[in-house]
Amino acid sequence: MKKFEAAIAGGGVIGGAIALELARAGLRVAVFDRQQAGQEASWAGAGILSPAPENPGMVAMVPLGKASLALYPEFVGWVEEISGKSTGFRPKGTLEALFSHDTKAELSTIIALHHGLGLKAEPLRAEDARELEPALSEEVEAAVLRPEEGSVDNRALTTAILKAAERSGAEIFSGDGAKAIWREGNRCAGLLLQNEKVEAKWTIIAAGCFSATIEGIAPYVPVRPAKGQMAALRADDLKMERVLWSERIYLVPRNDGRILAGATIEYAGFDKRTTAGGIGKILSGAIDLAPGLANARLEETWAGLRPDSPDHLPILGPTDVDGLLIATGHFRSGILLAPVTARLVREWITEQRVSADWDRFSPLRFPSATADAASRVPA
Ligand SMILES: Cc1cc2nc3c(=O)[nH]c(=O)nc-3n(C[C@H](O)[C@H](O)[C@H](O)COP(=O)(O)OP(=O)(O)OC[C@H]3O[C@@H](n4cnc5c(N)ncnc54)[C@H](O)[C@@H]3O)c2cc1C
């Protein structure tokens, strides 16, 4: 039987970042992934680092997003130093293009919303936006620049985090997934793998949209997969510095010259196939935003599964089972939220307190979790 101080189920960006933080804090930690670690949502994402809410329901996540964005430079700094690998971090801002004819009203609403949340946002006239980003369409009427935002190459980042975690002492077991949590009364004693038990004082579930398939976890983690299709383009003569958004799509330039375009949001179970309709929508949105992309080469298409929760907010923190923590449900922001998630979990485990309010994200907020607890109370 393997024995660790902390056992993590899931080796995506979240499980990897937690392993790295805990290993750096001196804990004996292991990550168990049912396949090669880092090949699911963390591989498939776009890597935009933006705490701005997409709709009013996401406002609750803004403080967490801001805290994580603030940690990013230092986080990627030591990930790169320990792993010896680049993460493709680009803190160059993002630019949202507005096409409507009533841009004046739209612009002031967006700017007021951002400022109200303590997020930096600057209005730009169309010509100023095109001066910054010459690839933008002539149809763009105005834009919003968010100078503090940016992007990271999430594939490179996840690989670097896992390498840094290993170099800091964490053990990573690929091809060894968790079947269930190992429950002893009201304590979680570790993980049950396919053919083995893993004993751990702390068990952390970070298996993304697959978390609910681990026996004993479903009540705390009512996550479902939200499929996102993506495309990678290459246009030799087109310059793009920042992440560009329109209402329909986003474009994310990488250091290697590729431009990612994404993404759909589809609830199609665990299906990761790309479709003509999905990719078609992304490409037409991309060409409307930056018409020069019409001549770009289409280098790759793919789809991944975001871990979505019923209220679209992360599921983060301790459960009512001693020693069991959850870190999933990061939906469209898991790359952004990895540093703060790892820090909060490490603080809870090593200091029994956290430096940010995470009650809003408690795994106990779902009726299924409280119903489960009630059923365990002796009659
Ligand atoms: C198309 C797309 C675009 C995105 N764009 C962005 C973006 O721009 N910015 C941003 O911040 N976020 C973005 N996201 C979201 C982000 O990618 C996710 O929120 C994040 O990667 C979730 O990380 P994770 O580690 O929780 O999950 P995953 O990366 O899915 O990792 C979960 C891991 O658990 C493993 N696993 C599964 N079952 C078991 C088991 N039983 N036992 C052990 N291990 C198991 C899996 O093999 C996998 O390695 C995007 C996602 C997609 C799909």
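**View 1. H312 sits in a loop of this predicted model.** H312 lies in the loop between strand 16 and strand 17 (315-318). The model is predicted. Phi of H312 is positive, near 65°, and the residue is not a glycine. Most residues other than glycine have a negative phi. Is H312 buried, exposed or partly exposed? H312 has 19 other C-beta atoms within 10 Å, so it counts as partly exposed.

**View 2. Q352 also sits in a loop, and its phi is positive.** Q352 is found between helix 8 and helix 9 (367-376), in a loop. Its phi is about 55°, a positive value, although Q352 is not a glycine. Q352 counts as exposed because it has 8 C-beta neighbours inside 10 Å.

**View 3. A cis peptide bond joins G262 to A263.** Omega of this bond is near -10°. Most peptide bonds are trans. A263 belongs to the loop between strand 15 (258-262) and helix 7 (276-289).

**View 4. F32 is a buried residue of strand 2.** F32 has its place in strand 2. Why does F32 count as buried? It has 26 C-beta neighbours inside 10 Å, so it is classed that way. Leaving out residues up to four places away in sequence, F32 touches A7, A9, F173, D176, G177, A178, L191, L193 and V198. R258 is elsewhere: F32 and R258 are 226 residues apart in sequence, and their C-alpha atoms are 32 Å apart in space.

View 5. Helix 3 covers residues 62-83, 22 residues in total. At 1.5 Å a residue, it should span 32 Å. Its end C-alpha atoms are 30 Å apart, which agrees. The bend at Y72 is about 45°. A proline, P73, follows within four residues. Just after the helix comes G84, with a positive phi of about 75°.

**View 6. The buried residues of helix 3 have cover from other elements.** Which residues of helix 3 are buried? They are L64, G65, S68, L69, Y72, F75, V76, V79 and S83.

View 7. The domain assignment gives domain 1 (2-83 + 154-223 + 310-376) and domain 2 (94-150 + 225-308). Their C-alpha centres lie 28 Å apart. How many residues does each domain give to the contact? Domain 1 gives 26 residues, and domain 2 gives 26 residues. On the domain 1 side, helix 2, strand 3 and helix 3 each supply at least two residues. That side has 14 nonpolar, nine polar and three charged residues.

Definitions and conventions. Residues are numbered from 1 along each chain as its sequence is written. This is a predicted model: local features need pLDDT of at least 70, side-chain atom pairs count only at pLDDT 80 or more; totals for chains, interfaces and linings use all residues. The expected span of a helix is 1.5 Å times one less than its number of residues. The bend at a residue is the angle between axes fitted to the seven residues ending there and the seven starting there. A residue is buried if 20 or more other C-beta atoms lie within 10 Å of its own, exposed if 12 or fewer, and partly exposed in between; C-beta atoms are placed from the backbone. Domain bounds come from an automatic or database domain assignment. Two residues are in contact if their C-beta atoms, placed from the backbone, lie within 7 Å. Ala, Val, Leu, Ile, Met, Phe, Trp, Tyr, Cys and Pro count as nonpolar, Asp, Glu, Lys and Arg as charged, and the others, Gly among them, as polar.
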